[in-house]
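Dear colleague,

Please find below the sequence and the structure that I promised to pass on to you. My notes on it follow directly after.

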Amino acid sequence: AAPTEQAVEHYCQNEWAIHLDDVMLRRSSWGYSVPRQEQVARQVAEWMAATLDWDESTTTDEIDQYQRICEGP
């Protein structure tokens, strides 16, 4: 399924997702299944920021952490 703001809100509010990688890889599998995954990750991070009241620094940190996870060891 395509990423939606409503889905992100659900994962954060009902499934205790607090990190971008949790939503992108574990809750939704969007990190594996959507085209333009980096753009999608940034959009999902923005939606999570609105839902979880992240500041700009936290949002940037979450995107950076997600990119490190995707790059692997």
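**Notes on two loops**

Asp 53 is exposed, because its relative accessibility of 69% is over the 50% cut-off. Please bear in mind that this is a predicted model. Asp 53 belongs to the loop that joins helix 4 (37-52) to helix 5 (56-71). Its backbone deserves attention as well: the phi of Asp 53 is near 60°, a positive value in a residue other than glycine. As background, most residues other than glycine have a negative phi.

A positive phi also occurs at Ser 29, which is not a glycine and has a value of about 65°. Ser 29 is located in the loop between helix 2 and helix 3. With a relative accessible area of 33%, Ser 29 is classed as partly exposed, because this value lies between 20% and 50%.

The loop between helix 2 (20-27) and helix 3 (30-33) also holds Ser 28. Is Ser 28 buried or exposed? Ser 28 is buried, because its relative accessible area of 15% is under 20%. What does the side chain of Ser 28 reach? Another is the backbone nitrogen of Trp 30, at 3.1 Å. Leaving aside residues up to four places away in sequence, Ser 28 touches Tyr 11 and Val 23.

With kind regards

Note on methods:
Residues numbered from 1 in each chain as written. Predicted model: local features only at pLDDT ≥ 70, side-chain atom pairs only at ≥ 80, totals over all residues. Heavy atoms only, no water. Helix = DSSP H or I, 4+ residues; strand = E, 2+ residues; numbered from the N terminus. Buried < 20%, exposed > 50% of the residue type's maximum accessible area, 1.4 Å probe, protein only. Polar contact = N/O pair within 3.5 Å; in protein donor to acceptor, adjacent residues only side chain to side chain. Contact = heavy atoms within 4.5 Å.
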